[in-house]
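Biologist: Please take a close look at one part of this model for me. I would like its setting, its neighbours and then how other rings in the chain compare as a topic.

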Amino acid sequence: MAHLMQEIFGYTDGLSRALQKQDQDIVHAIELVDTTKYHLEGLRTDPGWDDFLKKVASFCTKHKINIVHMEGPHFPAGRPRRGFFNGAMNYHRFKVDMYVSVIDRQISELNGRFDEVNTDLLSCMAAFCPLRLFAAYNQEKLVRLATKFYANDFTSDELARLTWQLNMYVTHVRRYERFQNLKNLCELSVMLVETNKHEQYYIVYKLLKLVLILPVATASVERVFSSMNYVKNKLRSKMGDDYLNNCLVTFVEREFFNQVKDKDVINLFQKGDYKVIL
């Protein structure tokens, strides 16, 4: 089981770290989802099981650990052999009940979170990614994003003009020097506003805003909801929305607020019309 955990964590670590980043590279995350699924499914096959079993056997031989006879009967650990044999063999117990079962759960979790619809949506969103001079740009995906997922948010006239505006938009951002070093969608939206291009390409900017407000189920979003259990507990069940929002901001962004000095906070209150209650 220790070796199995090491194998699974080894393949899923990159994806987990990518999803936990605040500024996510959607293109990179989608590629990691497909790659992780591919390797987990490879582990589940008979060749994957054989290679894994050889690694475990080699480890046991090196450290002088008794190797379980796979063709023998399985007896639960810590229990007397007599009276506890239920007909299961070690091979079935270790491969089917433990090895395959754990991998299937991981694959099922990935398929549940990144099903065909969600993957298609994220793939279309990734076409906005500004990395490497908008290398991931795909006009067909962006048009499908607007017509399939956000059709009710655009008028028929806007959808008809979207293709031409996308052509002009991508030509402009690839030529304009200020758009060449952008890292994520947030920086792209800010740069469009700073250069006043959000008005010129207002349909494209509208689509970009819809992408930015999309609540993607990632670890960072889940942590915010988990934080509510600490902030609004049984002793604080009557907290108002404003107070709750303020507490959640300081709790979630505590790394940033820890850099704020107490003296600066005191000076801020002294300059304003605040009353500090000691």
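Is Phe-256 buried or exposed, and what does its ring pair with?

Modeller: Phe-256 counts as exposed, because its relative accessibility is 52% and the cut-off for exposed is over 50%. Keep in mind that this is a predicted model.

Start with the location. Phe-256 sits in helix H14. That helix covers residues 254-257.

Now the ring. Phe-256 pairs with Phe-257. The two ring centres are 5.5 Å apart. The planes meet at 80°, so the pair is edge-to-face. Phe-257 is partly exposed, at a relative accessible area of 35%.

Next, the surface around the pair. Phe-256 and Phe-257 both belong to a nonpolar patch. Helices H14 and H15 each supply at least two of the patch residues. Helix H15 spans residues 262-271. H15 gives the most, with three residues.

Arg-254 falls within the H14 range, 254-257. Arg-254 lies over the face of Phe-251, at 4.7 Å from the ring centre. A second case of this kind involves Lys-206, which lies over the face of Phe-154. There the distance from the ring centre is 4.9 Å.

Now the aromatic pairs in general. The structure holds ten of them. One is formed by Trp-49 and Tyr-99. Their centres are 4.9 Å apart, and the planes are at 65°. That pair is edge-to-face. Trp-49 lies in helix H3, residues 46-62, and Tyr-99 in helix H4, residues 90-113. The pair therefore ties together parts that are 50 residues apart in sequence.

What about cover for these two? Trp-49 is buried, with a relative accessible area of 3%. Tyr-99 is buried too, because its relative accessibility is 2% and buried means under 20%. Trp-49 and Tyr-99 also share one aromatic cluster with Phe-52 and Tyr-91.

Phe-256 is exposed and Phe-257 is partly exposed. Trp-49 is buried, and so is Tyr-99. Each pair is edge-to-face.

Conventions
Residues numbered from 1 in each chain as written. Predicted model: local features only at pLDDT ≥ 70, side-chain atom pairs only at ≥ 80, totals over all residues. Heavy atoms only, no water. Phe/Tyr/Trp six-rings, centres within 6.5 Å; stacked < 30°, edge-to-face > 60°. Helix = DSSP H or I, 4+ residues; strand = E, 2+ residues; numbered from the N terminus. Buried < 20%, exposed > 50% of the residue type's maximum accessible area, 1.4 Å probe, protein only. Lys NZ or Arg CZ within 6 Å of the ring centre and 35° of its normal. Patch = residues over 30% accessible without salt bridge, like charges linked within 9 Å, V, L, I, M, F, W, Y side chains within 5 Å. Areas by Shrake-Rupley, 256 points an atom, 1.4 Å probe, with all protein chains shown as cover. Salt bridge = Lys/Arg side-chain N within 4 Å of Asp/Glu carboxyl O.
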